[in-house]
Amino acid sequence: MNIKELVIISGKGGTGKTSLTAALAKLSGHCVLADCDVDAADLHLVTSPQREKEEPFMAGWEAVIDSQKCVGCGICQNLCRYGAVLNSTQTDTKSTVKFVIEKAFCEGCGVCVWGCPAEAIELKSKLSGQWFQSRTPYGPMIHARLGIASENSGKLVSQVRFLAKEIAQAEQYDLIITDGPPGIGCPVIASITGASHLLVVTEPTLSGAHDLERVLKLAAHFQLSVSVCINKWDLNPEQTGLIENQALNHKAKLAGRIPYDPVFSEAQVKGISVSEMDSIPVKEAVDHIWSHLKSYL
Amino acid sequence: MMNYPPLQIAIASGKGGTGKTTLAVNLAFALEVPVRLLDCDVEEPNAHLYFYAGLKESVPVSVQVPEIDFALCQFCGDCSRFCRFNALAVGKKTALVFKELCHNCGGCKLVCPHQAIREVPWVIGKKEIVSQDSVELIQGCLDIGRVQASPLIRIIRKEASKDKLTLIDCPPGTTCPMIAAVEGSDYALLVTEPTPFGLNDLKLAVETLRVLKIPFGIILNRSQGKDSIIHSYCREEGINILMEIPDRRQIAEACSRGELAFCQDEEIRSQLRELLPTIMMQINFSMVSPEGVRP
């Protein structure tokens, strides 16, 4: 079966990616959901998921210094380029200054292990987060949580997308809807490579326009087909027009406009998607976006 | 005119679009004292959009990546076995460097028995500067298609001023880029909004700052004025809400035009000016409280 994947991104944060993802899932009625905003995952708050599975996400390494073996020479501290080797507050009976690794800064490169003359440092594999498989009214959902102060968000994103494809194949779903992270960096690149179609959600502000420009260039870099929709368009109709022209200049399609409406936050409070709320203008706007997207999926 | 010590104050949030940049820029201008503003949201830097002067100076920023000298390389593969990030591949007669995967640890150069590896700069973005009135902005801008947000942030972060107040506009999230931006700050302002997404992501940001032992307070943006889920969370956790900015369409519209919307409102502006004395009191307080001592 040919599985299509729609990825929703925005460049700028807080433009309504997650709310729109949930609404599109509701309209599709039958899809796999993937929450790739693993830094700050929120899709589970508006899709009423029942959790079926919870697994650790092991990725990368972290150095650990054995304080019994540490001779306090400081070679590791000189070699470490991440500033992750700190002076320990504890000293031994001979008042030797010992060293400790600050986990939040360690990237697990192993240079300290290589340099240590006392063989006091080893690399341990690192628990970087968790991933979950849940069941929503529309189908299965894969989501994740990166550990506090962890790295490897790109790898966790790839893992979430891999699992979403796996379950789509196993359960015969032909559509995956992916809620992407903000920005244009590592986790965004991991979210969009190989997607069938991108939907960029923006807003009619100078920041929205500026960030859209960068995200469209990124999409062009990966040769992906893109549609753009503008949330809260009526806050600044003039800017909305400019952004739509900007999108067309980049050969993106226009998916539609969504009006500024408090139902976006009200739906979150109720834990449901905006398309289940009784705002006719928002419903019509989201319906329009969905029928536009269907022709690319 | 009052002057402030060279404190470093990070403006952060778990969730994107809560108003970090709006707060950072408005605060910088509202204070009317010399301020250095670092835009560390290098994937999508936006603070400069509030400066009518336009970006003045632009310097390429690079990281060090390995380069193999094939006159010396014996294709032994020690570098590739050492590299935990799979940034080097060595075959019988060839060796490749995947710069995108390199974490710049310098390990390959250290382990090479033939001194065949040297480090060369590789451009990942730009450092851009503009000044207007009392505010000096230094921003990082990641080149499109690059993944090295955190290294670029660490470079911009070194521009914190030694003699005046520094405000740091951070990227959203709670992982490497956000940590690179908040690290070393004396205090963090967490900007949030009274929605379930806002609360969920605020909790993650609070946990992160506690791990990093950075004192913080909350700025509640788009406040509906009533008792919200953010208020009850902060009460339970004993966290201060330093300021509430009302949810007004008028403010949203002014922001969309790139205006200093908070500075235009006399009441919000005077509250912004009150923030610094409050923060300084809290930092002093945390210096005498054993839980709050910074390492």
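Q: How many Å separate the centres of domain 1 and domain 2 of chain A?
A: In this predicted model, chain A is divided into domain 1, residues 4-58 + 130-294, and domain 2, residues 67-119. The centres are taken over C-alpha atoms. The separation between the two centres is 43 Å.

Q: What separation do the domain centres of chain B have?
A: Chain B is divided into domain 1, residues 8-61 + 130-292, and domain 2, residues 70-115. Taken over C-alpha atoms, the centres of domain 1 and domain 2 of chain B are separated by 40 Å.

Q: Which strands stand at the edges of the open sheet of chain A?
A: The open sheet of chain A has nine strands with mixed pairing, in the order 3-6-7-2-8-1-9-10-11. From one strand to the next, the twist averages 20 degrees.

Q: In which sense do strand 6 and strand 7 of chain A run, parallel or antiparallel?
A: Strands of a sheet pair through backbone hydrogen bonds, and the pairing takes one of two senses, parallel or antiparallel. Strand 6 (residues 121-136) and strand 7 (residues 139-146) of chain A are joined by eight bridges. A:Gln133 stands opposite A:Ile142 in strand 7 of chain A. The sense of this pair is antiparallel.

Q: What angle does the direction of helix 4 of chain A make with that of strand 7 of chain A?
A: Helix 4 (residues 153-170) of chain A packs on the sheet. Among the strands touched by helix 4 of chain A are strand 1 (4-9), strand 2 (32-35) and strand 8 (175-179). With the direction of strand 7 of chain A, helix 4 of chain A makes about 165 degrees.

Q: Is helix 1 of chain A roughly parallel or roughly perpendicular to helix 9 of chain A?
A: Helix 1 (residues 17-28) and helix 9 of chain A pack with their axes 10 Å apart, at an angle of about 70 degrees. Angles from 65 to 115 degrees count as roughly perpendicular. Therefore helix 1 of chain A and helix 9 of chain A are roughly perpendicular.

Q: How many nonpolar residues are in the contact of helix 1 of chain A with helix 9 of chain A?
A: Helix 1 of chain A contributes A:Leu20, A:Ala23, A:Leu24, A:Leu27 and A:Ser28. Helix 9 of chain A contributes A:Val286, A:Asp287, A:Ile289, A:Trp290 and A:Leu293. Besides one polar and one charged residue, the nonpolar residues number eight.

Q: How are helix 6 and helix 7 of chain A oriented, roughly parallel or roughly antiparallel?
A: The axes of helix 6 (residues 206-221) and helix 7 (residues 237-249) of chain A come within 10 Å and cross at roughly 5 degrees. Angles under 35 degrees count as roughly parallel, and those over 145 as roughly antiparallel. Helix 6 of chain A and helix 7 of chain A are therefore roughly parallel.

Q: Which residues of helix 7 of chain A meet helix 6 of chain A?
A: On the side of helix 6 of chain A, the residues are A:Leu206, A:Ala209, A:Leu212, A:Glu213 and A:Leu216. By class, the contact has six nonpolar, two polar and one charged residues. The residues of helix 7 of chain A are A:Gln239, A:Ile243, A:Gln246 and A:Ala247.

Q: Which strands are the edge strands of the open sheet of chain B?
A: The open sheet of chain B has nine strands in the order 3-6-7-2-8-1-9-10-11, with mixed pairing. Each edge strand pairs on one side only. The edge strands are strand 3 (57-68) and strand 11 (241-246) of chain B.

Q: Which residue in strand 8 of chain B does B:Asp39 stand opposite?
A: Strand 2 (residues 35-39) and strand 8 (residues 165-169) of chain B pair in the parallel sense over five bridges. Opposite B:Asp39 stands B:Asp169.

Q: What handedness does the crossing of helix 6 and helix 7 of chain B have, right-handed or left-handed?
A: Helix 6 (residues 196-212) and helix 7 (residues 229-237) of chain B pack at about 25 degrees, with their axes 10 Å apart. The two helices of chain B are therefore roughly parallel to each other. The crossing of helix 6 and helix 7 of chain B is right-handed.

Notes:
Residues are numbered from 1 along each chain as its sequence is written. Chains are lettered from A and ligands numbered from 1 in the order in which they are written. This is a predicted model: local features need pLDDT of at least 70, side-chain atom pairs count only at pLDDT 80 or more; totals for chains, interfaces and linings use all residues. Side-chain values use heavy atoms; hydrogens and water are left out. Two strands pair if DSSP finds at least two bridges between them. Helices (H or I, at least four residues) and strands (E, at least two) are DSSP runs, numbered from the N terminus. Axes are lines fitted to C-alpha atoms, for helices over the stretch in contact, and angles run from 0 to 180 degrees between N-to-C directions. Contact means heavy atoms within 4.5 Å. Domain bounds come from an automatic or database domain assignment. A crossing is left-handed if the near helix is turned anticlockwise from the far one by less than a right angle, and right-handed if clockwise. Ala, Val, Leu, Ile, Met, Phe, Trp, Tyr, Cys and Pro count as nonpolar, Asp, Glu, Lys and Arg as charged, and the others, Gly among them, as polar.
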